[in-house]
Amino acid sequence: MIRLEPRLLRPKWLSVAVPVGSIVVALVLGAILITVSGNSALDTYGRILDVAFGSVQSWSDTIVAATPLLLTGLAAAAAFKMGLFNIGGQGQFVMGAIAASGVGLALPDVTGFVSIPLMIAAGMLAGGLWAAIPGFFKTRFGTNEVITTLMLNYVAANVAGYLIFGSMSFWRLTTGSGQVFPQGRPLSDEAVWPAFGGGGLEIPLGFILGCMAAACLWALYRYTRFGFEIGVVSDSPEAARYAGINVPRTGLAVMTLSGALAGLGGASDIGDIRHVLDPKGLGQTGYGYTGIVVAALARWNPLAVIPLSILLGALANAGRALQGATFPAGLVGTLQGLLLFCAVSGEFLTRYRVRVGHKRPLSAAELEAQAA
Amino acid sequence: MATAETGAGAPVPGGRPSNAADASGPASARAGGVPAVSMRGVTKRFVGVVANDHVDLEVAPGEVHALLGENGAGKSTLSNVLTGLYRPDEGTIRLFGQEVSFSSPRDAIAAGVAMVHQHFRLVTKFTVAENFLLGSGGAYDAKTAAQRIRELGEEYGLPVDPDANVWELSVGEQQRVEILKALDRRARILILDEPTAVLTPQEADALFATMRRMADDGRSVIFISHKLQEVMKVSDRVTTLRDGKTVGTVVTAETTSAELARQMVGRSVVFSADDTADRPEVDPDRVVLDVRGLSAEGVRPQSSPKGVDLQVHAGEIVAICGVSGNGQRELAAAIYGIRRRTAGTVAIDGVQSRQKGPRESTALGLAFIPEDRLRTGLSPSLPIHANLALKGYRRPPLSRGPFLDGRAIRARAEELVRRYGIKTPSIDTPTRVLSGGNVQKVLLAREIGSDPHILIASTPTRGLDVGAIETVRHLLMDAARAGTGVLLITEDLDEAMALAHRIVVMFEGRVVGEFPRGHYDIERIGLLMGGHTGDREGAA
């Protein structure tokens with residue numbers, strides 16, 4: 001007989017033990033799958049580790065892969081922490097990419113010191129506004145944000161597709177190979193974002209911005225009135241209303257902030273990585289969704305999002321590099337799914353305690369018999 | 001049904017005195033020695049707390065057994081163990097001599113244990129009959145359910161209209177629905193958790209008659225309460241808990257309320273608000289709360305305040321009495337500004353409120369202790385220091401511009417915890433893990449600590465133990481003594497009479513009566529609360 005009891009207090013050690021435990025359990029389950037598929041789990045994991053962290057170049061690739069996940073992870077963490085289920089990180093990411101590439105393309109000859117901040121601002125603005133739409137409907141009419149944010153992902157994907165494949169838009173390349181295969185116009189060199197580091201290690205600007213954003217978010221929660229209000233609203237909207245906090249406005253602000261972070265991710269995807277608006281590529285990577293996994297593992301803590309985005313970035317990086325006959329296809333996606341599953345189960349364990357009992361309860365009939 | 005062995009005489013409707021004699025011929029004798037409930041050495045621990053420490057409880061069939069104790073004494077934990085919500089760490093539970101171990105409330109229901117909670121488990125948008133269908137395991141269709149409700153209602157004196165929507169019912173009627181549900185499930189052991197908290201005196205008497213009838217039917221009724229008069233009035237035996245331990249079980253007819261109080265608290269407690277020398281002095285020239293013609297929307301039509309006029313002076317305690325759901329809650333919310341006023345004005349210490357909401361009210365010097373303290377008044381999972389800053393965090397010294405001053409917030413919290421004697425491991429403890437009395441102290445510390453002109457306190461002692469009630473009442477008196485006007489909303493007439501300079505009675509959103517100190521008439525106040533005008537006699 002197994003039963004669950006709610007925990008009165010959540011011990012501190014659980015907030016570390018649960019994510020670590022979730023990752024371990026996911027890796028074990030993954031190992032079983034790999035073994036079943038006829039490969040050596042140890043060998044596979046060894047190769048993943050090697051490709052992800054084995055050299056300076058691997059580290060650079062891993063961090064590049066982690067950059068969009070860091071930003072979409074922060075976006076999800078900001079919203080989910082307040083109980084706003086922003087599933088729309090993907091769409092906000094795409095809108096951020098559209099806006100940032102638009103600005104980048106419009107200012108090909110302007111120095112990067114001007115055009116890059118403008119790209120960042122445009123990406124954040126577009127992502128923020130895209131999230132503000134469902135945020136408005138949620139806070140004003142109580143519309144379910146899971147559905148609206150999810151639907152807007154498809155709208156955003158179609159907008160991006162239309163710009164490149166469905167029209168002769170400003171974003172579309174109309175010369176050279178662009179006349180044969182529809183594709184986006186590449187950024188000028190000025191508008192390409194710089195990378196930092198040394199000794200072969202390259203850290204993209206987007207990753208640095210993401211780390212700064214994580215620190216700002218953490219400080220916001222801890223040191224500001226607005227952060228205090230977010231804390232009250234997430235814990236008890238009734239108490240917030242009672243204390244004179246404008247609950248809808250706070251929710252809308254958080255939703256917009258969440259979208260802006262995802263939009264920054266889209267801008268970084270253009271400036272740091274692709275340098276071109278690529279609707280198909282954006283759709284396939286699904287950064288917005290993986291960001292939710294990152295945030296869930298980080299238990300909505302913005303600082304914890306940084307290492308976890310690197311972990312999932314490593315996985316994605318290794319998955320790309322190792323694709324082939326001897327590497328199970330879809331393993332990376334499966335591992336991501338297992339991680340999310342384990343993180344959510346783990347979250348459950350922080351709330352409940354599992355008790356194992358043994359006695360079978362009596363049925364009413366037996367009791368009646370006893371009583372007679 | 002276990003009626004065979006009870007063999008008690010004909011039902012004595014509401015007849016306490018005759019039954020008291022009956023019960024003293026020990027109730028267990030009536031059961032031929034097999035108790036309906038026998039809990040032995042039940043121990044339940046939570047992190048750092050032993051909620052039940054080797055508790056013994058024995059209840060005979062056909063008996064009304066009171067479970068008396070302060071909040072935090074372990075009554076709720078014990079009943080949660082008995083209803084299968086918690087599994088005890090130690091100890092045994094026997095029902096009719098047979099050891100049981102429940103894994104879930106469902107097992108307990110199947111074994112005939114039912115509980116009527118303080119907060120009802122009803123779907124308010126459904127009709128009574130539909131609520132009846134829920135969880136009945138598909139035994140009925142709507143028509144037979146309605147039929148069954150009428151039958152049971154007639155049998156036990158619990159009339160309810162099966163076709164009424166639950167939200168249209170008064171609290172007393174909703175409670176009847178809960179009891180009927182328990183009866184329908186052939187509950188042989190019925191636990192009532194503080195059932196009179198929401199009732200008028202007359203409704204409470206009707207409930208006691210029903211409890212007696214159920215006991216006469218051979219059922220065991222466990223009556224959880226901390227109100228001594230009620231326990232004395234209705235129970236056959238009383239088991240008292242204190243600090244998670246059983247103090248003892250006594251036959252009601254052989255004890256006194258003073259003795260029970262001593263058992264419950266561990267010392268003698270007398271709250272002496274009648275000490276006239278000590279009564280706060282009213283400043284008749286300074287009206288700190290002036291409400292004129294106030295109307296607001298209600299949760300239900302009956303509970304919308306309709307043209308309420310009300311003045312509270314500095315140092316004065318005015319009690320609003322009424323059965324819950326007659327507009328008191330909405331009135332308080334409308335004055336405070338979290339419920340929209342549809343007409344009327346509110347002035348605080350001579351300054352008109354412009355209906356801008358809680359921030360404005362707070363700035364004008366209005367403090368408010370809402371009914372639902374742990375979810376509305378406080379943010380349950382946030383630490384105590386954050387809750388103590390919940391109203392002041394926007395202004396210096398607790399913040400500078402958009403930034404909080406963490407050090408000032410903590411210093412203020414430390415000071416309030418000390419000044420108001422809040423018992424907590426630290427100011428970082430989540431507020432929800434504190435006991436009811438300490439939760440209320442956190443709220444009072446914040447609200448009174450802001451030196452308001454007027455304090456609205458909505459049922460500030462409900463659900464608290466005797467010791468905490470005493471503390472809260474003293475804090476309210478102290479606030480009045482310091483010149484704050486206090487508007488006390490309460491359902492406890494004893495409390496109103498002990499504290500208030502004036503009692504105002506509300507029914508269906510209107511002020512229906514006002515009594516100055518010295519002219520308190522409990523009978524008339526009770527009738528007015530129940531919607532009867534004073535001239536009609538004794539109906540209930």
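Is A:His275 buried or exposed? I started there, and A:His275 turns out buried, with 20 other C-beta atoms within 10 Å. My cut-offs, using C-beta atoms placed from the backbone: buried means 20 or more other C-beta atoms within 10 Å, exposed means 12 or fewer, and partly exposed is in between.

**Ground rules**

I am working on a predicted model, where local features need pLDDT of at least 70 and side-chain atom pairs count only at pLDDT 80 or more, while totals for chains, interfaces and linings use all residues. Residues are numbered from 1 along each chain as its sequence is written, and chains are lettered from A and ligands numbered from 1 in the order in which they are written.

I went back to A:His275 for its backbone. Its phi is near 65°, a positive value in a residue other than glycine. Most residues other than glycine have a negative phi, and most peptide bonds are trans. I found A:His275 in the loop between helix H10 (247–274) and helix H11 (279–285) of chain A. For these labels, helices (H or I, at least four residues) and strands (E, at least two) are DSSP runs, numbered from the N terminus.

B:Phe96 sits in the loop between strand S4 (90–95) and strand S5 (98–100) of chain B. I count B:Phe96 as buried because it has 25 C-beta neighbours inside 10 Å.

I also noted a cis peptide bond between B:Pro396 and B:Pro397, with omega about 5°. B:Pro397 lies in the loop between helix H14 (384–388) and strand S17 (399–400) of chain B.

**Helix H4 of chain A**

How many of the 18 residues of H4(A) are buried? I get 17, so H4(A) is largely enclosed by the rest of the structure. I checked its length too: the 18 residues (89–106) should span 26 Å at 1.5 Å a residue, and the end C-alpha atoms are 25 Å apart, which agrees. The expected span is 1.5 Å times one less than the number of residues.

Then I picked two residues from this helix. A:Val103 is in H4 of chain A, and it is buried, with 26 other C-beta atoms within 10 Å. Leaving out residues up to four places away in sequence, A:Val103 touches A:Ser115, A:Leu118, A:Met119 and A:Ala122. Contact here means C-beta atoms, placed from the backbone, within 7 Å. A:Val103 and A:Ile120 are 17 residues apart in sequence and 9.3 Å apart in space, C-alpha to C-alpha.

A:Ala106 is also in H4 of chain A, but counts as partly exposed because it has 14 C-beta neighbours inside 10 Å. From A:Ala106 to A:Trp171 I read 65 residues in sequence and 9.6 Å in space, C-alpha to C-alpha.

**Helix H5 of chain A**

H5(A) covers residues 112–141, 30 residues in total, and reaches 42 Å from first C-alpha to last, close to the 44 Å expected at 1.5 Å a residue. Where is the kink in H5(A)? I found it at A:Ala132, about 30°, shortly before the proline A:Pro134. The bend is the angle between axes fitted to the seven residues ending at a residue and the seven starting there. Just after H5(A), A:Gly142 takes a positive phi of about 70°.

**A sheet in chain B**

I traced an open sheet of 4 strands in chain B, order S12-S11-S14-S15, with antiparallel pairing. Its edge strands are S12 and S15 (351–352), each pairing on one side only. Two strands pair if DSSP finds at least two bridges between them. S11 (residues 283–296) and S12 run antiparallel and are joined by 6 bridges.

**Core and contacts**

Last, I looked up the largest nonpolar core. It has 251 residues, and A:Leu74, A:Val305, B:Ala319 and B:Leu488 touch the most other members. Helix H3 (residues 56–81) of chain A gives the largest share, 14 residues. By definition, such a core is a set of buried Ala, Val, Leu, Ile, Met, Phe, Trp, Tyr and Cys residues joined through C-beta atoms within 7 Å.
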